[in-house]
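Please examine the sequence and the structure shown below.

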Amino acid sequence: MSSSGENKPPTTVEVARSLLSRLYPQVAAKVGEVKEIVSYDDRNYLLKEADTGKPAYVLKVTNAEDSALEGKRKTQKKKVLNNKLTFFTFFCPGMLEGQNEMMLHLATHYRTLKVSRPLFNAHGHHIAREAFEASEKEGKAPAKLFAVRLLDFVPGRRLFDYRMTPSLLAKSGDLLGRLLAAINDGRYENGAIRNRPTGLWSLVAAPKIKQYLEDVFEESSTEEEGKEKATLVRSAVKDFEAEVLTVMDHLPKAYIHGDFNEQNILVDDDDDKDFELAVIDFGDISYSPRVFDIAIGKCHLQKITAKT
């Protein structure tokens with residue numbers, strides 16, 4: 001995930017409609033309302049069916065930094081029959097391709113896990129990279145490429161909007177367990193995700209939070225409160241460095257979601273007697289210590305449990 005606002009796509013609802021008409025003409029013919037929805041560094045647009053008014057798709061325009069991590073074609077030479085030298089060309093998926101492959105893997109092999117699926121565009125690909133001029137703030141900066149994808153819509157409301165109950169907690173934990181088992185069943189593999197550089201949002205980078213302690217002061221109501229929070233953060237980071245980073249090489253690694261929180265867990269409760277949970281936003285998937293997903297999920301679920 002990018003951390004710079006300069007990388008956010010300069011697209012609008014009108015541009016989204018244009019992209020939809022050009023890249024997904026069959027879908028565009030069925031879409032009525034197009035509405036931008038909140039996203040940190042990407043642009044996401046909710047598309048509703050013209051006939052029913054129901055949400056049906058999400059058009060995602062990814063930030064420039066992540067969009068640049070595209071797959072590449074590589075050529076490898078190898079000796080085969082009669083000792084002749086033959087060249088093989090193959091495609092090495094990039095990070096976004098890896099995200100798509102993970103969602104497709106889950107949607108294909110694990111129907112009980114509710115996730116979005118990327119759809120093919122008019123060119124037969126799951127991703128199109130479009131050039132857009134720089135925003136006015138960036139002046140004469142050259143145009144940047146942004147990845148455009150269309151996902152089917154997953155129904156539900158954010159777990160954040162619910163009063164936490166033992167049943168919701170249990171189902172959230174069950175969802176994470178099934179998700180981790182599914183993406184590590186041996187059928188999913190992606191080199192770009194496995195070798196993904198450690199970004200600011202990775203739990204490994206937690207010590208870097210010390211650079212932002214001034215923000216803790218700014219968001220505190222009093223100077224004393226700010227100092228108490230800063231002390232707490234420094235203590236937590238010190239413990240993390242001493243107890244986690246020192247044993248990192250010994251922690252079992254796996255593909256993880258990386259952002260399992262109350263904003264990315266959806267609750268579909270159309271049935272009054274039961275409800276289903278879904279998980280969205282695979283933008284932070286990585287190959288990391290498996291316990292990181294458990295820690296991140298537990299932290300967020302504890303936070304909203306305390307709120308209720």
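## Basis and confidence

This is a predicted model, in which local features need pLDDT of at least 70 and side-chain atom pairs count only at pLDDT 80 or more, while totals for chains, interfaces and linings use all residues. Residues are numbered from 1 along each chain as its sequence is written, and side-chain values use heavy atoms, with hydrogens and water left out.

The pLDDT, the predictor's confidence in each residue on a scale from 0 to 100, averages 86 over the protein chain, and 85% of the residues score at least 70. Over residues 73-77 the pLDDT is below 50, although this stretch has 17 contacts in the model beyond near neighbours in sequence; a contact means heavy atoms within 4.5 Å. Residues 87-92 also stay under 50, with 22 contacts beyond four places in sequence. Where pLDDT is low, the predicted coordinates should not be read in detail.

## Overall composition

The protein chain has nine helices and twelve strands. Helices (H or I, at least four residues) and strands (E, at least two) are DSSP runs, numbered from the N terminus. Of the 308 residues in the protein chain, 37% are buried; buried means under 20% relative accessible area, exposed over 50%, and partly exposed in between, with a 1.4 Å probe and protein chains only. Among contacts with a separation of 6 or more, 65% join residues 24 or more positions apart.

Five strands form an open sheet in the order 1-2-3-7-6, with antiparallel pairing; two strands pair if DSSP finds at least two bridges between them. Its edges are strand 1 (31-37) and strand 6 (128-132), each of which pairs on one side only. From one strand to the next, the twist averages 30°. Strand 3 (residues 55-61) is joined to strand 7 by five bridges, and Val58 stands opposite Leu151 in strand 7.

Helix 1 (residues 13-23) packs on the sheet, touching strands 1, 2, 3, 6 and 7, and its direction makes about 130° with that of strand 1. Helix 4 lies across strand 6 and strand 7, running at about 5° to strand 7. For these angles, axes are lines fitted to C-alpha atoms, for helices over the stretch in contact, and the angles run from 0 to 180 degrees between N-to-C directions.

## Nonpolar cores

A nonpolar core is a set of buried Ala, Val, Leu, Ile, Met, Phe, Trp, Tyr and Cys residues joined through side-chain atoms within 4.5 Å. The largest has 37 residues, and those with the most contacts inside it are Met102, Leu106, Leu159, Leu168 and Phe282. Its largest share, seven residues, comes from helix 5. Phe282 touches residues including Met102, Leu106, Val115 and Leu179. Apart from this core lies another, of 20 residues, among them Leu19, Tyr24, Val27 and Leu150.

## Two individual residues

Ser286 is found in strand 12 (residues 286-289) and counts as buried because its relative accessibility is 13%. Its side chain makes a polar contact with that of Ser288 (2.7 Å). Such a contact is a pair of N or O atoms within 3.5 Å; within protein, one must be able to donate a hydrogen and the other to accept it, and residues adjacent in sequence count only if both atoms are side-chain atoms.

Glu241 belongs to helix 8 (residues 223-243) and, at 30% relative accessibility, counts as partly exposed. Beyond four places in sequence, Glu241 touches Pro207, Lys210 and Thr246.
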